[in-house]
Amino acid sequence: VRVALLAGGTGGTKLAHGFAQVLPGDDLAVIVNVGDDLELHGLHVSPDVDALLYTLGGLIDTERGWGLRGDTFTAHAMLERYGAPSWFRLGDADLATHIHRTHLMRAGATLTEATAAMASTLGIGARVLPATDDPVRTRVETDAGVLDFQDYFVRLRHEPEVRGVQLAGLETARASASAVEAIAAADLVVIGPSNPVVSIGPILALPELRAAVEASSAVRVAVSPIVAGAALKGPADRMLRSLGHEATALGVAKMYAGLVHRFVLDDADADLARDVAALGMEADVLPTVMRTEADRAALARAVMEVSRPA
Ligand code: GDP
């Protein structure tokens, strides 16, 4: 089974790790959000790509949920001393990732090529494919003004209410050809349990990418990032509410209606299955909370199992 998974940095990445445990390397393509990318200290930082590289490479700091396990922050302290922005913390080894990526890109590599080279060095078999090589940057309209995504998410700890989302650069951006091809070649397209607005939204906003999903003959399934009316991490539930959606698995299913054949809800939301099915998709009730590596693999297996053509 060739799987193409759409993912952001946390929920989608955990499910990617599940698929990576149960599929041979090349059968998994992860199409990653780059709307969160930023330029910091002159370096290209790609938080969701790095979450995937570090998770699939077995390097992520699982306690913090970002950066590398055991990393130190000496360079960060020195940058702070120089008066450089210090609200986005980068560990020393993490910094090496951004230096290396930026170096490859200044030498002419696309983000896709730089990511592939780094994934290969880290021994990752799955293809990690940025949704686009062009700069599409998420900005959020909030009560505190229009903010760059990381300004909102990290500096302001996602406290401001989100009233709208803009994707700067979208008009001229092209989807990554590798991502489009991976979707076309997939037997199973999975929308991971990531924030539908700011993680999956910027991926599906790329017209060629959305068209590839719509044209795909694969089974298309989404996994709910909302469990029992709440996000397990981050502001997805609040963001859904302030943007006029329901902050429930059903609310997310409505956002994907017409795009997916199946929708996976958590056991805790079994009572919503009938309403999800009424949207014209199969509702699959499964344990979706991934606490351990085994949970991730089990969910990946279960998603493949329910999606198997009859
Ligand atoms: P970000 O880029 O770090 O914001 O990450 P994502 O958009 O990928 O992840 C945020 C979403 O992942 C939130 O809505 C969480 O509820 C969801 N999430 C995190 N862990 C899990 C999990 O184990 N299971 C499910 N179903 N959702 C999860």
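These legends describe close-up views of one predicted model. Residues are numbered from 1 along each chain as its sequence is written, and side-chain values use heavy atoms, leaving out hydrogens and water. Local features need pLDDT of at least 70 and side-chain atom pairs count only at pLDDT 80 or more, while totals for chains, interfaces and linings use all residues.

**View 1. The shell around the ligand.**
The ligand is surrounded by 23 residues. The closest are Thr-10, Ser-194, Ser-199, Pro-225 and Leu-232. By type, the shell divides into nine nonpolar, 10 polar and four charged residues. Here Ala, Val, Leu, Ile, Met, Phe, Trp, Tyr, Cys and Pro count as nonpolar, Asp, Glu, Lys and Arg as charged, and the others, Gly among them, as polar. Helix α1 (residues 11-22) gives the most to this shell, with three residues. Helices are DSSP runs of H or I with at least four residues, strands are runs of E with at least two, and both are numbered from the N terminus.

Gly-11 uses its backbone, with a polar atom 3.2 Å from a ligand oxygen. Taken alone, the ligand exposes 600 Å², and the protein buries 94% of that. Such areas come from the Shrake-Rupley method with a 1.4 Å probe; for residues, only the protein chains shown count as cover.

**View 2. Two nonpolar cores.**
In soluble globular proteins, nonpolar side chains tend to be buried together. A nonpolar core is a set of buried Ala, Val, Leu, Ile, Met, Phe, Trp, Tyr and Cys residues joined through side-chain atoms within 4.5 Å. Buried means under 20% relative accessible area, exposed over 50%, and partly exposed in between (1.4 Å probe, protein chains only). The largest core has 52 residues. Ile-31, Ile-191, Leu-209, Tyr-256 and Phe-263 have the most contacts inside it. Helix α11 (residues 249-256) gives the most to this core, with five residues. A second, separate core has 37 residues, including Val-3, Val-30, Met-118 and Leu-299.

**View 3. Leu-209 and Ala-179.**
Contact means heavy atoms within 4.5 Å. Not counting residues up to four places away in sequence, Leu-209 touches Ile-31, Ala-131, Ala-175, Ala-179, Val-180, Ile-183 and Ile-203. Ala-179 sits in helix α7 (residues 177-185). Its relative accessible area is 0%, so Ala-179 counts as buried. Beyond four places in sequence, Ala-179 touches Ile-31, Leu-129, Pro-130, Ala-131 and Leu-209. Glu-208 is 29 residues from Ala-179 along the chain, yet their C-alpha atoms are separated by 9.7 Å.

**View 4. Arg-101 in helix α4.**
Arg-101 lies in helix α4 (residues 92-106). With a relative accessible area of 1%, Arg-101 is buried. Its side chain reaches the backbone oxygen of His-44 at 3.1 Å. Among the residues Arg-101 touches, not counting those up to four places away in sequence, are His-44, Asp-50, Leu-111 and Met-118.

**View 5. Thr-55 in helix α2.**
Thr-55 belongs to helix α2 (residues 47-56). Thr-55 is buried, at a relative accessible area of 7%. A polar atom of its side chain lies 2.6 Å from the backbone oxygen of Ala-51. Leaving out residues up to four places away in sequence, Thr-55 touches Thr-13, His-17, Ile-60 and Arg-296.

**View 6. Two loop residues with positive phi.**
Most residues other than glycine have a negative phi. His-41 has a positive phi, near 55°. His-41 is in the loop between β3 (38-40) and β4 (43-45). At 28% relative accessibility, His-41 is partly exposed. Arg-157 has a positive phi near 50°. Arg-157 is in the loop between α6 (149-155) and β8 (162-168). Its relative accessibility is 58%, so Arg-157 counts as exposed.

Methods:
A residue is near a molecule or strand if one of its heavy atoms lies within 4 Å of it. A polar contact is a pair of N or O atoms within 3.5 Å; within protein, one must be able to donate a hydrogen and the other to accept it, and residues adjacent in sequence count only if both atoms are side-chain atoms.
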